[in-house]
Amino acid sequence: MARDFYPFVEQQDQEKPSPESIEVNHPARIAVYDDAAAAPRVVVIEPGEVRSYLEEITSTVSRLSKEQGGTIPFMVIREIVENFIHAYFQAPTITILDGGNTIRFSDQGPGIKEKRLALEFGTSSATEEMKRYIRGVGSGLPYVQQYMTDKGGSLEVEDNISGGTVVTISTRPKEDARAVSGASADEGTEGGLHASQHEGYVQQPWVPHPYQAFPPQAYQPQPYQQAPYQQVPQNQWPPFPAQQQPTGWHAPAGGYSMPPASQAPQVTPQVDLDERSAQVMSYLSEHEAAGPTDLVRAYGSSGATWSRTLSALAAQGIVTKVGQKYHLTGIGRTLV
C-alpha cells in the first residue's frame, strides 16, 4: 500500500535494527563568523538518535543563519544536512559566513566520486538503512542547486582536504561565494581562477613598469658609445660620416662625455584610473597595505570585485602583491 514519507516526522520502524544500523558517534560543530576578521564562535551538537540529531542540526543552523541576517530557507538547509547520513556522520562541520548568506557543510566520509551525477535528479547512493531516515530518491542536491540558481545564488560540491565532501550554498554567484569563503584565486587558493579569467575582466593598456621606461617591442639597437667615465683625446676621434655631420656642430675640447644621471629625463606614466582603482589608491595612500577584505570593509561591494581591481592595478605596475596583501610600487606612489 502506497504511503507518503515525511522526513523528521515519521516514527522509527518498530522492527529490530539491521546489522548495518546507522549510529551517530561524532558531534556536529557549527562555526559562526560574526566578524570576518575574528575567530568564529562554535556551537556543538552532541551525538544522539539519528532523527533527532538531524532535526537539531537543521534547526540550529537555520536559527544561527537568520540571526546573522541570512535568507537561505529552512528546507534548503535541511536537504544539505540530510546528506551527512551518506558520510555516516563522520566529523560533520557547518560554517556560517557572509552574514548568514553563505553556508559550507563538510564531512570526512567516503566523499562523492561522481559529483556531476550527484547533481542530477534521480541518482542516489542511499542504502535501505538510510531510507529509514531520508527520502533517498536523489532529489536533495539537485533541488538545492536549482533553488539557489533561480534565486541568483549558487551551490558547489568539492572534495574535503583529507577525504570527504564540502558543499557550499550561497545567495551569491559562485565566484563571489568563493571570495567570501576564502577561496578566491587572487588569494592563492587551489582551484581558483586567474584574474584575467574572471567574467568582465578587461586587459589594461601597457604602462611603464617602475624599472622599465619603454615596452620591450619598442627597443631598437643603438650605436656603440664610449662609457661615460672614459674620455677620448680629440686627435683620436674616429671620423664622423659626412652625411650625419650636424651643421655647426663642434666637439668639446675635453672629448666625449655623458650628462650626469640626475639630468636624465624622468618618465612619468599617464594612467587613467576608474572609480574603484581610485578608491584603492586612496586607501593605500593612508594604509601600508590592502587586501580585498580591507576594501570591502572600507567601501562595500564584494571581495571578488576588489580582487579584480587589485589584479588590474598590479598588471599596470602600480601595486605589487607581497604575501596576501598589495602595496604601492614606486610608480604607484608617484600617482597618489
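Student: How many salt bridges does the structure hold, and what makes a pair of side chains count as one?

Tutor: The structure holds nine salt bridges, a salt bridge being a side-chain nitrogen of Lys or Arg within 4 Å of a carboxyl oxygen of Asp or Glu. This is a predicted model, in which local features need pLDDT of at least 70 and side-chain atom pairs count only at pLDDT 80 or more, while totals for chains, interfaces and linings use all residues. Residues are numbered from 1 along each chain as its sequence is written, and side-chain values use heavy atoms, with hydrogens and water left out.

Student: How do you know that the side chains of Arg63 and Glu67 meet in a salt bridge?

Tutor: The N to O distance between the side chains of Arg63 and Glu67 is 3.2 Å, and the limit for a salt bridge is 4 Å, so the pair qualifies. The two residues are four apart in helix α1 and are therefore separated by about one helical turn; helices here are DSSP runs (H or I, at least four residues) and strands are runs of E (at least two), numbered from the N terminus.

Student: Why is Arg63 called partly exposed, and what is Arg116 called?

Tutor: Buried means under 20% relative accessible area, exposed over 50%, and partly exposed in between, with a 1.4 Å probe and protein chains only. Arg63 has 44% relative accessibility and therefore counts as partly exposed, and Glu67, at 49%, is partly exposed too. Arg116, with a relative accessible area of 56%, is exposed, whereas Glu120, its salt-bridge partner with closest N and O atoms 2.8 Å apart, counts as partly exposed at 32%.

Student: Which residues are linked with Asp294 in a network of salt bridges, and is Asp294 buried or exposed?

Tutor: Asp294 is linked with Arg297 and Lys325 in the network, and the side chains of Asp294 and Arg297 meet at 3.0 Å, N to O. These two are three residues apart in helix α7 (residues 292-299), which means that about one helical turn separates them. Because its relative accessible area is 11%, Asp294 is buried.

Student: What makes β2 and β5 edge strands of the open sheet?

Tutor: The open sheet has six strands in the order β2-β1-β3-β4-β6-β5, with mixed pairing, where two strands pair if DSSP finds at least two bridges between them. β2 (41-45) and β5 (154-159) each have a single partner strand, so one side of each is left without a neighbour in the sheet. The twist averages 15° from one strand to the next.

Student: Why is β3 described as largely enclosed by the rest of the structure, and which strands pair with it?

Tutor: Four of the five residues of β3 are buried, so the strand is largely enclosed by the rest of the structure. Four bridges join β3 to β1 in the parallel sense, with Ile30 and Ile94 as bridge partners, and five bridges join β3 to β4 in the antiparallel sense, where Leu97 stands opposite Thr102. The hairpin of β3 and β4 has four residues between the strands, and Asp98 takes a positive phi near 55° there.

Student: Where does helix α1 lie?

Tutor: Helix α1 (residues 50-67) lies across β1 (28-32), β2, β3 (93-97) and β4 (102-106), running at about 160° to β2. Such angles run from 0 to 180 degrees between N-to-C directions, with axes as lines fitted to C-alpha atoms, for helices over the stretch in contact, and contact means heavy atoms within 4.5 Å.
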